[in-house]
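Hello,

Here is the structure for you to look through. Please open it first, then read my notes below.

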Amino acid sequence: MKKLKVGIIGCGGIANSKHMPALTSQKDKCEMVAFCDIIRERAEKAAAQYGAEGAKVYEDYHDLLADPAIDVVHVLTPNVAHCPITVAAFEAGKHVMCEKPMAATTEDAQLMIDAWKKSGKKFTIGYYDACIQRMRKIDKKSIFFLEGAKYARDARIFNRQYDPECRNWAISIHLYGASPEIKDLYPWLLKREELGVPLWLGECGAGPINDAVFYDICAHYGVAYTPWGWKTAADPNGPHGHGPVNHPLPKDWKKIQDFQMVGPRPTYEESIRIMDEFIELTKLEHCFINRDCARLAAKHPDIDLPGAAYDMWTEDGKRYYGSWELSNYLNFRLEDHTKLIWACEKALPYPKFAWYNDPNEERYDPLQDLALELSAGEYANYTVREVEKPCSITLRGVGPCTVELSCGGESLGAVTLGEGSILKPQDSQSVTIPAGAERTVKVTVKEGTLQLKTVKFAY
């Protein structure tokens, strides 16, 4: 049997972590004979590690496609480049395996499909409709969670009923880097109403405090929420995985992983046995529970809430708004009209093209990198839950200011903060809130200006 000759276009993260190792495991069926990347050093490194003897290196994909010996190309570039490369590959008479998401726009996806049909070649990208139709022949009870393109952030594919037989599916979205406000949720809320299906926020923040902030807006709008995720597979290289609840994996799980990477296919009986064991191991009695992670996500003391993690609603259930008319450096919580100031030593962000990846760019966390500024007469609320006993509250920030803290309409006392730099915040005096299922503390500036980095709740 003739070996397929494969060309790799795009030698970045997904190529190195998935495609090239998988193709290497199938050396009896294929060999990688050409590598292309706009950063030549990456293509050279890939060719040295994974390439067949004499593998060629290119910086321009047109040159790779001009090689008549190449049978199939893997398109592993950023998704904005999928369309022109895929179309050119079909025009050059190649089979194409294109990484998800298929394209940046619906129009680009259609151009790719048209080029594929005209070429008579094979095109590998999966579609939900065919998968659901097949699965429903053997399972009419389970719910399907479907995700759009662009890392589950593109709502445009949700334009029809995907499960007409059982109508048992949900839209799953990921909102990494999103702000807890309606502008980042409304496209999905509209799709939920249009299609009559549940909406599930599957991935969001970068830790339990981020989860705690997003939980409040999800609860208000009836969005199901998994704080990354309530059950995750345990790390085989460590004591447990990330997230609040971690389940162990079956002893033969690597057979499933290898098959996903184009390895040997387990038998049907093996697959059933492994997946049955997987389901059994996800039962709570087999799991490791990181109770501290779950506690913080639910806002149970002890907890340090960032100043930017204020409540979205007032004590009487009305939407909270400040009086600030300008933006902030990270475009965070703009709908609230609160003044969020720069409060870290990271370099300030700068304008850039959305598709341009700058390796020197800082990674930002609005909850940690910003602080809330309140002037005299302004306030913000912070809620904690399951307060089992009297709990102290301390403000960390700078003034000069005098601040009154109150709970349930009753004053807890006044605290002060001196003048200083928000990069070196100070701790105020502490006051105490009583025990209760839920306690909301109102922070009101009486004199001066408060720059609030953290609200500390501690037993």
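Two strands pair if DSSP finds at least two bridges between them. Strands (E, at least two residues) and helices (H or I, at least four) are DSSP runs, numbered from the N terminus. This is a predicted model, in which local features need pLDDT of at least 70, side-chain atom pairs count only at pLDDT 80 or more, and totals for chains, interfaces and linings use all residues. Residues are numbered from 1 along each chain as its sequence is written, and side-chain values use heavy atoms, with hydrogens and water left out.

**The sheet**

Four strands form an open sheet in the order β7-β8-β9-β10, with parallel pairing. β7 (144–146) and β10 (224–225) are at the edges with a single partner strand each, so one side of each has no neighbour in the sheet. Strands β8 (residues 169–174) and β9 (residues 199–203) run parallel and are joined by four bridges. I173 has L201 in β9 as its bridge partner.

**Two helices**

Helix α10 (residues 253–260) and helix α11 (residues 268–281) have axes that come within 9 Å and cross at roughly 115°. Axes are lines fitted to C-alpha atoms, for helices over the stretch in contact, and angles run from 0 to 180 degrees between N-to-C directions. W253, K255 and I256 in α10 meet E270, I274, M275 and F278 in α11 (contact means heavy atoms within 4.5 Å). Of the residues in this contact, five are nonpolar, none polar and two charged. Nonpolar means Ala, Val, Leu, Ile, Met, Phe, Trp, Tyr, Cys and Pro; charged means Asp, Glu, Lys and Arg; the others, Gly among them, are polar.

Best wishes
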